[in-house]
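Hello,

Here is the model I promised to pass on.

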Amino acid sequence: MVSADFYKILGIDRATDDDGIKRAYRKMALKLHPERNPSPEAKDEFARVAEAYHVLSDARRKAVYDQYGLEGLRKGVPSKYNFEGYEGGYEFHGNADEIFNQFFGGKNPFSDFFSIHAEPDQAVFGSKFGGLHGMNRAVNSQAVTQDLPVEFDLVLTLEELYLGCVKKIKISRKVLNDDGITTTPLEKILTVEVPRGWRPGTKIIFPKEGDQGPNRIPADMVFTVKEERHPRFSRSGNDLVHTVEIPLVKALTGWSLDLQTLDGRLLKIPINETIAPDHVKRIPNEGMPISKTPGKRGDLILKFKTKFPKMLTDAQKALLKQVFAST
């Protein structure tokens with residue numbers, strides 16, 4: 001004789017009252033019903049849950065089971081506990097669907113999960129559900145649309161985009177409980193691995209990480225890369241742009257520019273040419289890494305802004321005239 005712990009099957013203890021037994025059966029039956037649960041073992045578990053409820057929901061059967069166990073319940077017990085209609089003791093009729101139908105009284109137990117549009121005299125859940133009115137085959141075929149994407153900005157510094165980084169993002173989402181109806185808030189960490197050179201506008205999609213709920217497909221979570229303003233560089237595609245403000249004397253005579261890069265190196269860039277207004281100098285391969293072409297970078301573009309003196313003395317003017325007269 002195979003023993004069975006009906007309390008364990010329903011996930012309750014012996015002190016659970018009638019209402020608690022009903023709640024436990026409802027939760028387990030909805031979870032395991034073959035129309036909702038396609039796993040191979042669901043059908044057998046659904047039947048065991050039905051038998052457990054059939055015994056524990058009846059005061060006389062429960063009293064015998066509590067005192068004599070399943071073996072005593074099935075073989076027969078002292079006369080005061082004899083069951084009418086069961087010679088030698090109790091035997092489960094084995095029809096789990098009948099228990100299910102009786103429990104819900106013809107009400108659609110899946111109405112929280114699906115939008116049902118039953119046609120008159122239409123079969124419900126197939127023939128095995130018999131008289132459970134108000135449900136039809138549309139339960140399984142009902143189209144369920146996905147929630148709209150939930151979008152956030154992922155703000156990154158230019159250094160993070162230049163060097164690459166890993167970002168941990170804590171989210172809070174609602175997760176369905178085992179009853180398939182109620183939800184519980186749950187925190188989760190999403191990891192974004194940012195490769196070198198990602199551009200603003202890049203989207204990172206975490207499929208179906210939105211809130212769960214009955215009759216819904218969770219939304220995708222979408223993070224869009226935004227670039228934080230940098231004090232020394234701006235970005236133009238794969239190029240980095242740096243504006244240099246210089247006095248007129250340097251624009252005319254040249255000098256060596258010291259510039260710290262985003263990865264901490266110090267570039268010494270000789271400026272030997274005369275800097276005319278709107279002059280641009282391009283330094284190859286010192287721009288942003290190109291994410292789709294590892295090992296390659298854009299250029300560093302130097303733009304110059306010349307500061308002219310507000311006033312010159314007569315002597316300075318004469319000297320300049322003398323200098324430029326020979327050019």
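How many helices and strands does the secondary structure of the protein chain come to? The count is 9 helices and 11 strands, where helices (H or I, at least four residues) and strands (E, at least two) are DSSP runs numbered from the N terminus.

Before the details, please keep in mind that this is a predicted model, in which local features need pLDDT of at least 70 and side-chain atom pairs count only at pLDDT 80 or more, while totals for chains, interfaces and linings use all residues. Residues are numbered from 1 along each chain as its sequence is written, and side-chain values use heavy atoms, with hydrogens and water left out.

Of the 327 residues in the protein chain, 37% are buried. Here buried means under 20% relative accessible area, exposed means over 50%, and partly exposed is in between (1.4 Å probe, protein chains only). Among contacts with a separation of 6 or more, 56% link residues 24 or more positions apart; a contact means heavy atoms within 4.5 Å.

**The helices**

The buried residues of α3 include F46, Y53 and H54, and its buried residues pack against α1 (6-10), α2, α4 and α5.

The backbone oxygen of H54 lies 3.0 Å from a polar atom of the R61 side chain. This is a polar contact, meaning a pair of N or O atoms within 3.5 Å; within protein, one must be able to donate a hydrogen and the other to accept it, and residues adjacent in sequence count only if both atoms are side-chain atoms. R61 counts as buried because its relative accessible area is 13%.

In α5 (residues 96-104), the buried residues include F100 and F104, and the buried residues of this helix pack against α2 (18-32) and α3 (42-56). At the start of α5, a side-chain oxygen of N95 comes within 3.2 Å of the backbone nitrogen of D97.

**The sheet and the cores**

An open sheet is formed by 4 strands in the order β6-β7-β11-β10, with mixed pairing. Its edge strands, β6 (234-236) and β10 (280-283), each pair on one side only. Two strands pair if DSSP finds at least two bridges between them. β10 and β11 (residues 300-307) have 4 bridges in the antiparallel sense, and I283 has L300 as its bridge partner in β11.

L300 turns up again in the largest nonpolar core, where, of 35 residues, L300 and L302 touch the most other members. A second, separate core of 28 residues includes I12, F46, Y53 and F104. A nonpolar core is a set of buried Ala, Val, Leu, Ile, Met, Phe, Trp, Tyr and Cys residues joined through side-chain atoms within 4.5 Å.

**Two loop residues**

Most residues other than glycine have a negative phi. D278, in the loop between β9 (266-271) and β10, has a positive phi near 65°. D278 counts as exposed because its relative accessibility is 72%. N285 lies in the loop between β10 and β11 and has a positive phi of about 65°. With a relative accessible area of 41%, N285 is partly exposed.

Happy browsing, and best wishes
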